[in-house]
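Trainee: Could you walk me through this model, feature by feature?
Mentor: Gladly; have a look at it first.

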Amino acid sequence: MTWAQEFVELDKSIHDRTSFDCGEEALNTFLHTQAAKHMEVGVSRTMLLPASDPLPSGRYPICAFYTTAPSSISRETLPEALAKKLPHYPVPVFLLAQLAVHSEYHGQGLGKVTLIKALEYLLKVNVHMRAYAIIVDCLNDGAEQFYLKYGFEELYQHNGRKRMFIPMKTVVQLFAYTRSD
Ligand SMILES: CC(C)(COP(=O)(O)OP(=O)(O)OC[C@H]1O[C@@H](n2cnc3c(N)ncnc32)[C@H](O)[C@@H]1OP(=O)(O)O)[C@@H](O)C(=O)NCCC(=O)NCCS
């Protein structure tokens with residue numbers, strides 16, 4: 001199977017959610033049963049990369065996806081040098097709530113592409129509605145290593161997961177550099 005050219009919004013009438021398997025049950029279940037409902041009620045948005053060819057059912061398998069939502073953190077949870085410049089009320093952030101690649105495509109660079117697409121998407125949102133950082137709650141050590149590689153820093157344990165962050169300012173600089181390079 002090959003993947004399509006572009007990430008698009010999840011549409012349960014077009015995309016085959018049940019065949020997605022990234023090897024992590026929590027993420028599979030989220031995509032199979034919750035992602036579309038969460039979009040319907042307006043708490044998150046899921047974008048995905050479909051396969052280029054449909055199944056016999058007419059629906060397209062999902063090669064990778066990411067889910068984003070608005071969130072907030074308290075300034076006390078950030079490193080002191082950053083915290084002291086921030087207000088005492090909840091600091092707005094973007095939550096990269098989910099990100100996964102179908103097991104069939106692991107190790108082919110699609111995780112990196114998916115993360116770049118998620119950052120690009122949040123950069124666009126940030127033009128209209130500012131947030132201080134992007135946070136992510138890592139499901140396992142592998143995910144932690146993955147995000148560390150791309151500049152995320154550790155914050156604290158949250159619901160049994162390691163919460164990491166990258167300042168929006170850093171993301172803006174990264175993409176400005178890439179564009180002028
Ligand atoms: C984590 C995940 C998204 C990585 O996707 P992938 O397509 O296999 O990753 P890529 O091939 O794009 O790898 C990009 C880089 O990250 C590194 N990387 C990927 N998975 C890693 C892991 N588990 N541990 C350490 N490094 C990892 C790769 O070595 C690669 O580095 P390189 O460019 O120096 O070779 C994928 O394994 C996945 O979906 N896992 C299950 C779901 C999950 O845990 N998601 C995170 C939720 S918090």
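**A hairpin and its turn**

Mentor: Let's begin at the hairpin of β7 and β8, where two residues lie between the strands and Asn 159 takes a positive phi near 50°. This is a predicted model, in which local features need pLDDT of at least 70, side-chain atom pairs count only at pLDDT 80 or more, and totals for chains, interfaces and linings use all residues. Residues are numbered from 1 along each chain as its sequence is written.

Trainee: Where does Asn 159 lie, and is Asn 159 buried or exposed?

Mentor: The general idea comes first: most residues other than glycine have a negative phi. Asn 159 has a positive value in a residue other than glycine. Asn 159 lies in the loop between β7 and β8. Asn 159 is exposed, with 6 other C-beta atoms within 10 Å. On this scale a residue is buried if 20 or more other C-beta atoms lie within 10 Å of its own, exposed if 12 or fewer, and partly exposed in between, with C-beta atoms placed from the backbone.

Trainee: How many bridges pair β7 with β8, and in which sense?

Mentor: Two strands pair if DSSP finds at least two bridges between them. Strands are DSSP runs of E with at least two residues, helices are runs of H or I with at least four, and both are numbered from the N terminus. Here β7 (residues 153-158) and β8 (residues 161-167) are antiparallel, with five bridges. Glu 153, for instance, has Phe 165 in β8 as its bridge partner.

Trainee: Which other strands pair in this way, and over how many bridges?

Mentor: β1 (residues 8-9) runs antiparallel to β3 (residues 45-50), joined by two bridges, and Glu 9 is partnered by Met 47 of β3. β3 is also joined to β4 (residues 60-73) by six antiparallel bridges, with Thr 67 of β4 as the partner of Thr 46.

Trainee: What about Phe 7, buried or exposed?

Mentor: Phe 7 is in the segment before β1, and counts as buried because it has 20 C-beta neighbours inside 10 Å. The C-alpha atoms of Phe 7 and Pro 50 are separated by 7.3 Å, although the two are 43 residues apart along the chain.

Trainee: Now a helix: which residues of α3 are buried?

Mentor: They are Gly 111, Thr 114, Leu 115, Ala 118 and Leu 119. These residues cover an arc of only 135° around the axis, so they sit on the same side of α3; the arc is that of the directions from the helix axis to the C-beta atoms. The face turned away from that side carries the exposed residues Lys 124, Val 127 and His 128.

Trainee: Which residues come nearest to the ligand?

Mentor: A residue is near a molecule if its C-beta atom, placed from the backbone, lies within 6 Å of it. Of the 22 residues around the ligand, Gly 111, Lys 112, Gly 142, Ala 143 and Gln 145 come nearest. β5 (91-101), α3 (110-128) and α4 (141-149) are the elements that give two or more residues to this shell, and α4 gives the most, with five.

Trainee: And the whole chain: how many helices and strands?

Mentor: The protein chain has five helices and eight strands. Its C-alpha trace spans about 55 × 40 × 30 Å along the principal axes, and buried residues make up 31% of the 181 residues.
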